[in-house]
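I opened this entry to look up a pocket and the helix beside it. The notes below follow the order in which I checked things.

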Amino acid sequence: MDASDDDLAMAAAGGDGAAFAALLARRYDGLFRLAFRLTGSQHEAEDLTQDICAALPAKLRAFRGDAKLTTWLYRVVVNAAHDRRRKRASHTRAADGWGDWELNRRGADADTARQIDWLMTSMALLPDDLRDTLALVLDDMTHRDAAAVLGVSEGTISWRISEAKKHLRALREKEDQT
């Protein structure tokens, strides 16, 4: 199907199953990738993405085209991840699994793999707002688009990235001292 994402979304909102399937085929990997970065677990990301896809036909009825579809979809993923976090009483942040999927996909050299693994593990230690912001920016999202997804200003995104870097730098320095 050569239709735009917006056209597919509007058609899917109207009940067109083929348009919905085409839209999912285009956007599923991006949704999963963001869900993985937000949850830190391939299993959790698969569950979250599946839940989002199941709810998406109803949610698409609310899409009006005021924002880019990708921005709107990323907001749906971020909201779903936040809802999932709120439902968990313990708020455990297991570091196991962070980076495994990404490491397998890249097949990079050992040094690069260790750096990526460290970043993914360290991101689990960041406060939720900093981790969410960093995950979006690492997904090549602009500060403007990340601000739209998270419902904050571009300045807040820049500040959060700066704070995340400070936290990560402090973690690295602490590790280097031990």
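I sorted the lining of the second largest pocket by residue class and got five nonpolar, one polar and five charged residues. The model is a predicted one.

I then listed the lining by name: Leu48, Asp51, Ile52, Ala55, Lys59, Val76, Asn79, Ala80, Asp83, Arg84 and Lys87. H3 and H4 are the elements that give two or more residues to this lining. I noted H4 as the one that gives the most, with six residues. For the volume of the second largest pocket I have about 210 Å³.

Next I looked at H4 itself. Helix H4 covers residues 69-87, which is 19 residues. From first C-alpha to last I get 27 Å, close to the 27 Å expected at 1.5 Å a residue.

Which residues of H4 are buried? I found Leu69, Thr71, Trp72, Leu73, Tyr74, Val76, Val77, Val78, Ala80, Ala81, Arg84 and Arg85. Val76, Ala80 and Arg84 are on this buried list and also in the pocket lining. As a reminder to myself, an α-helix has 3.6 residues a turn, so residues three or four places apart point the same way.

What covers the buried residues of H4? The cover includes helix H1 (5-13), helix H2 (17-39), helix H3 (42-60), helix H7 (128-138) and helix H8 (143-150).

Last, I checked the whole chain. I count nine helices and zero strands. Of the 178 residues, 40% count as buried. Among contacts between residues at least 6 apart in sequence, 61% join residues at least 24 apart. I put the accessible surface at about 9800 Å², with 49% belonging to carbon and sulfur atoms.

Note on methods
Residues numbered from 1 in each chain as written. Predicted model: local features only at pLDDT ≥ 70, side-chain atom pairs only at ≥ 80, totals over all residues. Heavy atoms only, no water. Helix = DSSP H or I, 4+ residues; strand = E, 2+ residues; numbered from the N terminus. Expected span 1.5 Å × (residues − 1). Buried < 20%, exposed > 50% of the residue type's maximum accessible area, 1.4 Å probe, protein only. Contact = heavy atoms within 4.5 Å. 1 Å grid on protein atoms, 1.4 Å probe; cavity = no way out; pocket = protein on both sides within 12 Å on 5 of 7 lines; lining within 4 Å. Points joined across faces, edges and corners; volume = space filled by probe spheres on them. Nonpolar A, V, L, I, M, F, W, Y, C, P; charged D, E, K, R; others polar. Areas by Shrake-Rupley, 256 points an atom, 1.4 Å probe, with all protein chains shown as cover.
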